[in-house]
Amino acid sequence: IKNPTMPTYFTNRALCHLKMKRWEPSCLDCRRALDMDANLVKGHFFLGQALLEMDNYDEAIKHLQRANDLAREQKLNFGDDIACQLRAARKKRWTVQEEKRLAQEIELQKLEIWKGPEKGDMLVNIANEYGIGRAYDT
């Protein structure tokens, strides 16, 4: 970069990295730009997009929300681009959290089946049979 004190150069290069699906370099350039000017809408927007692609949902949402707020404050027109990315990030985060919750629920149901009274404490019987002792006894 010719002039490393111009944050716009870093956000421009970050956009190039985004288009080439190079998430890490994009994040680095956005962070450098934001170190110089914390109120850069594009810095927060591009960083949020790269973080979203890296499945870092909480931080992506934080930067996309900041970009949205700054765009409103500065009366910049990004159309629905920022809001759309923010919704996508929130939806992906919710989906991942819901998948984890469902997996935990299934595991708990499996434990209930194994430990349930209708199975006669099957885990305890199996543990005793294999010499594990009372490790599974509650």
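The largest nonpolar core of this predicted model comprises 26 residues, of which Val41, Phe45, Leu47 and Ile82 touch the most other members. A nonpolar core is here a set of buried Ala, Val, Leu, Ile, Met, Phe, Trp, Tyr and Cys residues joined through side-chain atoms within 4.5 Å, where buried denotes under 20% relative accessible area, exposed over 50% and partly exposed the range in between (1.4 Å probe, protein chains only). Two or more residues are contributed to this core by each of α1 (7–19), α2 (23–36), α3, α4 and α5. Helices (H or I, at least four residues) and strands (E, at least two) are DSSP runs numbered from the N terminus. In soluble globular proteins, nonpolar side chains tend to be buried together.

Residues are numbered from 1 along each chain as its sequence is written. Local features require pLDDT of at least 70 and side-chain atom pairs count only at pLDDT 80 or more, whereas totals for chains, interfaces and linings use all residues; side-chain values use heavy atoms, with hydrogens and water left out.

Helix α3 has 13 residues and spans 19 Å from its first C-alpha to its last, close to the 18 Å expected at 1.5 Å a residue, the expectation being 1.5 Å times one less than the number of residues. Eleven of the 13 residues of α3 are buried, among them Val41, His44, Gln49 and Leu52. Just after α3, Asp55 adopts a positive phi of about 65 degrees.

Two aromatic pairs were identified, with rings of Phe, Tyr and Trp (its six-membered ring) taken to pair if their centres lie within 6.5 Å; planes under 30 degrees apart count as stacked, over 60 as edge-to-face and the rest as tilted. Phe45 and Phe46 form a tilted pair, at 5.8 Å centre to centre and 35 degrees between the planes. Phe45 is buried at a relative accessible area of 7%, and Phe46 is buried at 8%. Phe45 also forms an edge-to-face pair with Phe78, at 6.1 Å and 70 degrees. This second pair links distant parts of the chain, with Phe45 in helix α3 (residues 41–53) and Phe78 in the loop between α4 (57–73) and α5 (81–115), 33 residues apart. Phe45, Phe46 and Phe78 form one aromatic cluster.

Beyond residues up to four places away in sequence, Phe45 touches Leu64, Ala67, Asp81, Ile82 and Gln85, contact meaning heavy atoms within 4.5 Å.
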